[in-house]
Structures are given as structure tokens and as C-alpha cells.
Amino acid sequence: MAMQRKAHWETIFKEKAADSVSWYQVHLAHSLRLIERSGVGKDGAIIDVGAGTSTLVDDLLAQGYRNVTALDISAGALQVSRDRLGPQAGKVNWLEADILDTNLPVEGYEVWHDRAVFHFLTNPAERQRYVKTATAALRAGGSLIIATFAADGPEQCSGLLTVRYTPEGLSAEFGAAFRLVECVAEAHQTPWQSVQNFVYCRLQRPVS
Ligand SMILES: C[S@@+](CC[C@H](N)C(=O)[O-])C[C@H]1O[C@@H](n2cnc3c(N)ncnc32)[C@H](O)[C@@H]1O
């Protein structure tokens with residue numbers, strides 16, 4: 001299953017240009033705003049889970065964040081981002097890993113960001129594993145920023161089934177270890193001008 005998942009994503013990024021995938025945005029504006037609103041300092045550790053080829057890392061570096069990790073199951077996707085960043089690429093920690101099968105530093109991050117990865121987890125056991133990993137990796141007081149298809153969003157993406165969420169439903173997946181702080185809806189325009197409804201939520205690990 002894990003190998004199939006990796007093969008699937010490697011093929012996608014080999015066959016499609018970064019700006020011709022349905023989820024492409026020039027800048028991840030909502031993500032950037034929510035990261036800013038988390039209050040993370042410029043030295044705070046931020047991880048982008050399923051970073052793909054998105055420009056979030058570029059924008060975070062440009063804004064002065066100095067501790068940015070980009071994790072993805074696809075080596076090809078990470079290479080596209082490294083090539084785009086050129087000499088700046090050395091400022092990012094690159095992690096080729098399956099988020100369902102990796103060990104991250106315990107309480108290693110202040111911000112966990114995921115746009116359009118969690119919604120591919122249609123199996124409850126996989127969602128539980130994801131939540132366990134995120135909970136262990138985030139510091140108390142840290143923010144989990146997660147963007148998925150909204151309740152009226154698409155039922156599939158890149159040939160894979162998705163789970164669609166209301167803010168309450170998404171928050172419930174992360175349980176009592178997190179507090180829902182804020183949510184924002186987005187009508188995302190694909191490169192071919194169709195609309196996909198997303199929901200972005202920021203949850204916080206309370207300081208006990
Ligand atoms: C729909 S794309 C979103 C990419 C990026 N977050 C964005 O908004 O442009 C999903 C990304 O998650 C990655 N991915 C899927 N399953 C993963 C997993 N189990 N572990 C790590 N990355 C995964 C894919 O390789 C792909 O880059």
C-alpha cells in the first residue's frame with residue numbers, strides 16, 4: 001500500500017508540470033495567513049506535510065522564517081521545489097517520507113501545515129496514525145493548520161477518493177488533544193477555472 005501510494009505520486013509529478021495540477025496556486029495565501037496568525041516566531045520550526053511542489057516554502061523563506069521543513073512521499077516533487085529555489089534550497093530541511101510511516105522529532109514543531117493530504121486518508125486506521133504522529137510532533141501551544149476538501153468539495157482528486165469535511169468534522173478527527181481556533185473557506189480555482197471548495201482550519205495543542 002505504502003509503495004503503491006509512493007508510485008502513484010511519483011507518476012503524477014513526473015507527468016504533470018507543477019502549475020498544471022488541480023491544486024496549484026501561485027501562492028498559498030490562506031496557509032500563509034494562518035501561519036502568520038499562529039504567532040510562530042521566525043525561528044519556530046514549521047513543517048509542511050505533503051509539501052508537493054507548492055511555493056509555500058519559498059514564501060516562508062522570503063518572509064524570514066528560518067526553520068522550515070518540507071516533507072513529501074514523492075522525491076520528484078521535492079526535487080522540483082529544490083530546483084525552483086536554487087541556492088535558497090539549502091535553507092530548507094527536505095524529508096522524503098510517508099507521513100503514515102515516519103518518525104518525526106517528538107514535540108519538534110511549532111506549526112504543522114497540511115494542504116490537501118489528510119483528505120486522501122479514507123481509512124480510519126490511517127487517519128488515527130496521522131493524528132498520532134501530528135500530536136506527538138507538535139509542541140504544546142503549537143498550531144496544526146490543515147486544509148481539506150469542504151463538505152461540498154470534490155469526491156476525488158488525481159484519481160484517488162477523498163473524504164470531505166466540515167470544520168467541526170475535521171476538528172473532531174483530531175480529538176480532545178486539540179482546540180479549534182479558526183476556520184476559513186476557500187473556493188479554489190483550478191488551472192482550468194473550475195472551482196473546488198476547501199476548508200482550512202487552525203487547531204492548537206493547548207498548553208497544559
Ligand atoms: C494534492 S497534493 C498537495 C500538495 C501541496 N500541499 C499543495 O497544496 O500544493 C498532495 C501531496 O501530498 C503528498 N502525499 C500524499 N500522501 C502522502 C503521504 N502519505 N506522506 C507524505 N506525503 C504524501 C503527495 O506526494 C502530494 O505532493
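I took contact to mean heavy atoms within 4.5 Å. This is a predicted model, in which local features need pLDDT of at least 70 and side-chain atom pairs count only at pLDDT 80 or more, while totals for chains, interfaces and linings use all residues. I numbered residues from 1 along each chain as its sequence is written, and side-chain values use heavy atoms, with hydrogens and water left out.

I began with glutamine 204, and leaving aside its neighbours within four places in sequence, I found it in contact with Gly141, Gly142, Ala177, Phe178, Arg179 and Val181. I also noted that the side chain of glutamine 204 reaches the backbone oxygen of glycine 141 at 3.1 Å.

I then looked up aromatic pairs (rings of Phe, Tyr and Trp, its six-membered ring, with centres within 6.5 Å; planes under 30 degrees apart are stacked, over 60 edge-to-face, the rest tilted), and the structure holds 12 of them. The rings of phenylalanine 13 and tryptophan 23 have centres 6.3 Å apart and planes at 75°, so I recorded this pair as edge-to-face. For burial (under 20% relative accessible area, exposed being over 50% and partly exposed in between, with a 1.4 Å probe and protein chains only), I noted phenylalanine 13 as buried at 12% and tryptophan 23 as buried at 17%. One aromatic cluster is formed by Trp112, Phe118, Tyr130, Tyr165, Phe174 and Phe178.

Last, I checked charges over rings (NZ of Lys or CZ of Arg within 6 Å of the ring centre and within 35 degrees of the ring normal). Lysine 42 lies over the face of tyrosine 65, at 4.2 Å from the ring centre, and the charged end of arginine 115 sits over the ring of phenylalanine 198, 5.1 Å from its centre.

Definitions and conventions:
Polar contact = N/O pair within 3.5 Å; in protein donor to acceptor, adjacent residues only side chain to side chain.
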